[in-house]
Amino acid sequence: MSSSTPVITYFQLDFEGRAGAIYLLLSDAGVAYRRVDVPRSDWPTLQKQLIANDASPNGTLPIMELDGRTYVHQLPILRVLVRHLGKYGGNDEDEAYEIDSFADLVADYHSAWSRAHWSDDDSIKTYYRDESRPRLLAGIDRFLARRKGGPYLLGDTPSYADFMLLAVLLDDKPPALEGYPHLKAFSEAMRQRPGIVRYLTTRPAE
Ligand SMILES: N[C@@H](CCC(=O)N[C@@H](CS)C(=O)NCC(=O)O)C(=O)O
């Protein structure tokens, strides 16, 4: 990792959101980072600044500053960290593809959860609970099973996409993972990792 401390700017929330995977990955790697948690009241002004200075051209968070550069969007930020750390990205082209493909599915899960979470429409929440979430969890469970049998996507070493999955599970709080044995084993294994234990016991979201 570089000598500078990554600075992650995201919203001040009582859940992980799209920055959760970044905090989890850095915590697992034992890399110190700084959080800038933006209150909603500061957001309109900050958003204008971020667009004006090209730090976030479409005006979204999270962003990460590292070595004098600003990076935007959760997935590319995670991939930048993978390259800096030299881990969590797979051992070859095939594994890298597998991780990216899983990350895409997990990003869909996050988007579906987020849409239901922020909606005032009960039918959207019900559809998410009864249709979208079971379908996504089943797909993720099959994904976890198909290569090395877990507990993580690629066996016994987590990838950046595994941190994305843990972040969404923390936010979504699915009622039970009993019907999803690989997801259950994944969640249990992740929560035993020392860096994750530290994160979960100290995070502001708790
Ligand atoms: N694909 C982007 C999506 C970023 C995004 O939509 N961020 C939301 C918060 S999770 C945001 O900044 N929304 C702008 C707003 O609320 O005004 C990513 O993964 O970073």
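1. Glu-95 is found in helix H4. This residue belongs to a predicted model, and the points below should be read with that in mind. Is Glu-95 buried or exposed? Its relative accessible area is 8%; because buried means under 20%, Glu-95 counts as buried. Leaving aside residues up to four places away in sequence, Glu-95 touches Gly-90, Arg-147, Lys-148 and Leu-154.

2. Helix H4 spans residues 93–118, and helix H5 spans residues 122–146. Their axes come within 10 Å and cross at roughly 165°. H4 is therefore roughly antiparallel to H5, as angles over 145 degrees are counted in that class. The crossing in which H4 passes H5 is left-handed.

3. Which residues make the contact between H4 and H5? On the H4 side they include Phe-102, Leu-105, Tyr-109 and Trp-113, and on the H5 side Tyr-128, Leu-136, Ile-140 and Phe-143 are among them. Charged residues also take part, including Glu-98 and Asp-108 of H4 and Lys-125 and Arg-133 of H5. By class, the residues of this contact divide into 13 nonpolar, three polar and six charged.

4. The strands form an open sheet of four, in the order E2-E1-E3-E4, with mixed pairing. Strand E2 (34–38) and strand E4 (69–72) each have a single partner strand, so they stand at the edges, and one side of each is left without a neighbour in the sheet. On average, neighbouring strands of this sheet are turned by 20° against each other, direction ignored.

5. How many bridges join strand E1 to E2? There are five, and the two strands run parallel; E1 covers residues 7–11. Within this pairing, Tyr-10 stands opposite Asp-37 in E2.

6. A helix also lies across part of the sheet. Helix H3 (residues 74–85) lies across strand E3 (63–66) and E4, and runs at about 30° to E3.

7. H1 passes H6 in a right-handed crossing.

8. At the contact of H1 with H6, Gly-20, Ala-21, Leu-24, Leu-25 and Asp-28 in H1 meet Tyr-160, Phe-163, Met-164, Leu-166, Ala-167 and Leu-170 in H6. These residues divide into nine nonpolar, one polar and one charged.

Notes. Residues are numbered from 1 along each chain as its sequence is written. This is a predicted model: local features need pLDDT of at least 70, side-chain atom pairs count only at pLDDT 80 or more; totals for chains, interfaces and linings use all residues. Side-chain values use heavy atoms; hydrogens and water are left out. Axes are lines fitted to C-alpha atoms, for helices over the stretch in contact, and angles run from 0 to 180 degrees between N-to-C directions. Angles under 35 degrees count as roughly parallel, over 145 as roughly antiparallel, 65 to 115 as roughly perpendicular and the rest as oblique. A crossing is left-handed if the near helix is turned anticlockwise from the far one by less than a right angle, and right-handed if clockwise. Contact means heavy atoms within 4.5 Å. Two strands pair if DSSP finds at least two bridges between them. Buried means under 20% relative accessible area, exposed over 50%, partly exposed in between (1.4 Å probe, protein chains only).
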